Amino acid sequence: MAEIYDIAVIGGGPFGIASIVEARHNKIDKILLLEKGDNHSQTIRKFYKDGKRVDKEYKGLASSTKGNVVFFDGTKESTLNYFDALLESGKIDAMFGVEVESVKKAGDVFFVSTSKGVFQAHYVLIGIGRMGRPNRPTYKIPASLNSVVNFNLNSCGEGENILVVGGGNSAAEYAVELAKYNTVTLCYRKEKFTRLNEINEEAVAQAAKDGVITLKMATDIEAIEDMSGKPLVRYVGNTTEIFDRVVYAIGGSMPADFLAKCGVEMKDAQPVLDESLQTNVEGLYIGGDIASRTGGSIVVALNDAHTVISAIIAQKRFKFE
């Protein structure tokens, strides 16, 4: 008979890691972690520049943790080391390089179909992020420009003329960070920013006032061409500019197709959740980035894990010991 886990956690980010810690704290031992990347915390590994600060206070969101996982200001490296230690502190079944295809419930048991077989669990927690699949422009980017057209800050250096494309918080943060060591233009297709939190809006406005960021508003891009190894940006209206590098920050994709395969009800492109972050499917919970319309933070993800595990314990459906 196949083993039935108490909890299957899909996604090895802050929500997934904290869910495991919270579960172990409550003597839930049969835990399965499924992560499609080759290690935990893929968003931090891939989208945070080396040495980047990782602060508790982020975008004006909650900065106090509620559960058994505390969090401190640090760097990309110290944060990854901390999460390493958290995972090592409790024995779990962790599988990396595994893509989850769907989650189906039959009776009181979930069947989690993956690229490496089907696993069973009484509860399933989904903590996959948006940034793992960043939105890409509709026009084609020449393959010859792959090294100078990016969707994060990993390859960015100093002394470059950089175009940042986007109007959300990530675009604003990228532009402000890059402007410390580069010449930066921030391009947005709308006349004004409508999605920035107060902190980022003030930072961009001040940087523009100080002349360290050039704002190119109400401007859309129709093509990127290779001009002797540099991106030639062709705007609607046929004006052009040449940059050393283009960085896109035009959002991440809500994994709607996957959630639909799990039977999750959606409204306005967001999963419908109750106060404990449970979906319309009893026993199936969602936390972290995709639980919030505006995106979350590491602390919010940690608190989501505490909320979910507390709700599971309160149900007393199973005796965990």
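## Briefing on strand pairing, helix packing and exposed loop residues

Lys180 counts as exposed, because its relative accessibility is 52% and the threshold for that class is over 50%. The structure described here is a predicted model, and Lys180 lies in its loop between helix H4 and strand E11 (183-187).

- Lys180, in the loop that runs between H4 and E11, has its C-alpha atom 8.0 Å from the C-alpha atom of Val212, although the two residues are 32 residues apart along the chain.

**Packing of H4 with H5**

- Helix H4, which covers residues 169-178, and helix H5, which covers residues 198-209, have axes that come within 10 Å of one another and cross at roughly 40°.
- H4 is therefore oblique to H5, and the crossing in which H4 passes H5 is left-handed.
- On the H4 side the contact involves Asn169, Ala172, Glu173 and Val176, and these meet Asn200, Ala203 and Val204 on the H5 side.
- Sorted by class, the contact of H4 with H5 comprises four nonpolar residues, two polar residues and one charged residue.

**Packing of H1 with H3**

- Helix H1 (14-25) packs with helix H3 (residues 76-88) at an angle of about 35°, and the axes of H1 and H3 are 9 Å apart.
- The crossing of H1 and H3 is left-handed, and the contact is made by Pro14, Ile17, Ile20 and Val21 from H1 together with Phe83, Leu86 and Leu87 from H3.

**Strand E8 and its partners**

- Strand E8, spanning residues 117-126, is mostly covered, with eight of its ten residues buried.
- Strand E1 (residues 4-10) pairs with E8 in the parallel sense over six bridges, and in E8 it is Val124 that stands opposite Ala8.
- Strand E7 (residues 109-114) is joined to E8 by five bridges, and E7 and E8 run antiparallel; a hairpin of two residues connects E7 to E8, and Ser113 stands opposite Val118 in E8.
- Strand E19 (residues 284-286) is joined to E8 by three bridges, and E8 and E19 run parallel, with Leu125 placed opposite Tyr285 in E19.

**The open sheet of E13, E14 and E15**

- Three strands form an open sheet in the order E13-E14-E15, and the pairing within this sheet is antiparallel.
- The edge strands are E13 (221-227) and E15, each of which pairs on one side only, and from one strand to the next the twist averages 25°.
- E13 and E14 run antiparallel and are joined by six bridges, with Asp226 standing opposite Pro231 in E14.

**Exposed residues with positive phi**

- Lys27 belongs to the loop between H1 and strand E2 (31-35), and its phi is near 65°, a positive value in a residue other than glycine.
- Lys27 counts as exposed because its relative accessibility is 54%.
- Asn238 sits in the loop between strand E14 (230-235) and strand E15 (240-242), and the phi of Asn238 is near 70°, likewise a positive value in a residue other than glycine.
- Asn238 counts as exposed because its relative accessibility is 52%.

Terms used:
Residues numbered from 1 in each chain as written. Predicted model: local features only at pLDDT ≥ 70, side-chain atom pairs only at ≥ 80, totals over all residues. Heavy atoms only, no water. Axes fitted to C-alpha atoms, helices over the stretch in contact; angles between N-to-C directions. Helix = DSSP H or I, 4+ residues; strand = E, 2+ residues; numbered from the N terminus. Parallel < 35°, antiparallel > 145°, perpendicular 65-115°, else oblique. Left-handed = near helix turned anticlockwise from the far one by under 90°. Contact = heavy atoms within 4.5 Å. Nonpolar A, V, L, I, M, F, W, Y, C, P; charged D, E, K, R; others polar. Buried < 20%, exposed > 50% of the residue type's maximum accessible area, 1.4 Å probe, protein only. Pairing = 2+ DSSP bridges.
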